[in-house]
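Dear colleague,

Please find below the structure that I am handing over to you, followed by an account of what was found in it.

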Amino acid sequence: MDYPEAFRAAVARVRAEGRYRVFANLRRRKGEFPRARWRTADGDVREVTVWCSNDYLGMGQRPCVTESMKQAIDDVGAGAGGTRNISGTTHYHVELEQSLADLHGKEAALLFTSGYIANEATIATLGRILPGLIIYSDELNHASMIEGAKGARCEKHIWRHNDVAHLEELLRAAPKEAPKLIAFESVYSMDGDIGPVREVCDLAEKYSALTYLDEVHAVGLYGLRGGGVAERDGVMHRVDIIEGTLGKAIGVMGGYIAADAVIVDAVRSWAPGFIFTTSLAPALAAGARASVEYLKSAHELREHHQERAATLKKRLAGAGFPVMPSVTHIVPVQVGDPVLCKRITDALLDDHGIYVQPINYPTVPKGTERLRLTPTPLHDDAMFDELIAAMDEVWTRFRAVRAA
Ligand SMILES: *Cc1c(COP(=O)(O)O)cnc(C)c1O
């Protein structure tokens with residue numbers, strides 16, 4: 001086997017499809033988010049504005065978060081020093097789990113090293129704990145849930161995105177007594193639409209299924225205390241397992257589930273992805289807890305965030321850009337071609353200091369390539385002006401499609 005050639009060919013396949021990824025080398029500056037410095041391939045350093053961060057509220061730079069992280073490092077040092085079972089559980093982890101359980105109105109919560117691992121490990125483990133489990137997965141579920149469902153090694157059905165009639169059809173066809181898990185998301189991060197949480201809970205009750213809700217793009221952002229869409233819609237108590245990340249609106253790193261104590265205890269006891277890995281650094285847990293607690297009363301910040309997103313959508317639509325229909329803080333603008341999408345974002349960065357990553361297949365279906373803008377409360381009107389002027393120039397230059 002010519003190993004180097006095999007690797008080269010693997011990369012060449014990705015390039016041929018126009019989806020070879022180039023990472024922007026950024027240096028954020030604390031206190032100046034969303035401004036950052038970008039180091040070009042030639043080693044130049046340029047000022048840019050970041051338009052595609054998932055640090056939706058800029059919590060990653062908020063002093064209450066960064067100070068608590070520094071304090072934790074000064075108090076206990078850098079790493080956790082072990083798995084949760086072997087010396088790696090600190091008071092910071094325990095307090096953060098209590099804070100997250102409280103956020104979601106659940107008895108308990110369990111930390112993982114990322115939201116990806118939380119999904120993958122929990123769903124796979126449910127498949128092992130519940131013999132004969134049937135998983136019902138929304139067709140647009142995140143890769144981490146899909147991998148979890150594969151790892152569950154059980155029967156699976158994909159229901160058409162947000163289509164509860166299709167979900168019911170599938171549920172009805174299964175044996176009544178079979179254990180069932182419905183896995184879906186609240187905010188879908190590429191289109192900015194929202195899952196039918198209440199209707200899914202109704203079906204789960206009717207067919208005795210468990211519900212598993214990924215609130216990764218909603219925690220901190222929706223609901224009176226930032227508990228997510230399930231909190232906003234008054235159905236948090238009806239969702240069996242809520243999964244979230246500490247890496248997006250919370251601004252730090254890590255993932256978790258929140259559920260009844262008996263469920264959390266079972267996952268804690270069975271999931272390899274939880275058991276056999278070093279626990280989160282204490283400073284991460286400290287920073288995440290400070291952020292979660294801050295966000296429980298940050299209504300104005302959440303309202304400001306929603307205002308910014310609504311205003312940007314309106315302004316882009318007014319300027320003739322094909323803004324896709326989003327009911328959330330996510331602002332997707334359709335381009336529809338992977339090569340053009342990349343040329344547009346390159347030009348925005350090179351010529352205008354606007355950083356937005358192109359979103360191409362397989363993250364979104366072919367033909368729906370797009371820019372995915374995520375305005376935060378720290379993106380002001382002057383930045384909106386800059387963005388729209390830059391997009392106008394680039395759209396004209398490349399004759400990209402405007403809205404009808
Ligand atoms: C980002 C993401 C995850 C993974 O969370 P991380 O903490 O970044 O690993 C899970 N689910 C969805 C829907 C996501 O977008």
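Is Glu 147 buried, partly exposed or exposed? Glu 147 counts as partly exposed, because its relative accessibility is 33%, and the range for that class runs between 20% and 50%. Please note that this is a predicted model.

Salt bridges

By the rule applied here, the count of salt bridges comes to 27. Glu 147 takes part in one of them with Lys 150, where the closest N and O atoms are 3.2 Å apart. These two residues are separated by about one helical turn, because they lie three residues apart in helix H5 (residues 143–151).

Another salt bridge joins the side chains of Arg 37 and Glu 47, at 4.0 Å from N to O. This pair links distant parts of the chain, with Arg 37 in strand E2 and Glu 47 in strand E3, ten residues apart. Arg 37 has a relative accessible area of 31% and is therefore partly exposed. Glu 47, at 46% relative accessibility, also counts as partly exposed. Arg 37 and Glu 47 belong to a network of salt bridges that links them with Arg 29 and Glu 32.

Asp 55 and its surroundings

Asp 55 is located in the loop between E3 and helix H2 (63–76). A salt bridge connects Asp 55 to Arg 28, with 2.9 Å between the closest N and O atoms. Here too, distant parts of the chain are linked: Asp 55 sits in the loop between E3 and H2, Arg 28 in strand E1 (residues 25–28), and 27 residues separate them in position. The two partners fall into separate classes of accessibility: Asp 55 is buried, because its relative accessible area is 5%, while Arg 28, at 38%, counts as partly exposed.

The side chain of Asp 55 also reaches the backbone nitrogen of Gly 60, at 3.2 Å. When its neighbours within four places in sequence are left aside, the contacts of Asp 55 are Arg 28, Phe 33, Gly 60, Lys 248, Gly 251 and Thr 376.

Helix H13

Helix H13 comprises 15 residues (338–352). From its first C-alpha to its last it reaches 20 Å, close to the 21 Å expected at 1.5 Å a residue. At the start of H13, a side-chain oxygen of Asp 337 comes to within 3.1 Å of the backbone nitrogen of Val 339. Just after the helix, Gly 353 adopts a positive phi of about 65 degrees.

The buried residues of H13 are Pro 338, Leu 340, Cys 341, Ile 344, Thr 345, Ala 347, Leu 348 and Leu 349. Their cover includes strands E2 (35–39) and E3 (45–50), the strands that hold Arg 37 and Glu 47 respectively. Strand E12 (354–355), strand E13 (358–359), strand E14 (370–373) and helix H14 (381–397) are also included in that cover.

Ser 189

Ser 189 lies in the loop between strand E7 (180–185) and helix H7 (197–206). Its relative accessible area is 11%, so Ser 189 is buried. Apart from neighbours within four places in sequence, Ser 189 is in contact with His 217, Ile 330 and Arg 372.

Yours sincerely

Conventions: Residues are numbered from 1 along each chain as its sequence is written. This is a predicted model: local features need pLDDT of at least 70, side-chain atom pairs count only at pLDDT 80 or more; totals for chains, interfaces and linings use all residues. Side-chain values use heavy atoms; hydrogens and water are left out. Helices (H or I, at least four residues) and strands (E, at least two) are DSSP runs, numbered from the N terminus. The expected span of a helix is 1.5 Å times one less than its number of residues. Buried means under 20% relative accessible area, exposed over 50%, partly exposed in between (1.4 Å probe, protein chains only). Contact means heavy atoms within 4.5 Å. A polar contact is a pair of N or O atoms within 3.5 Å; within protein, one must be able to donate a hydrogen and the other to accept it, and residues adjacent in sequence count only if both atoms are side-chain atoms.
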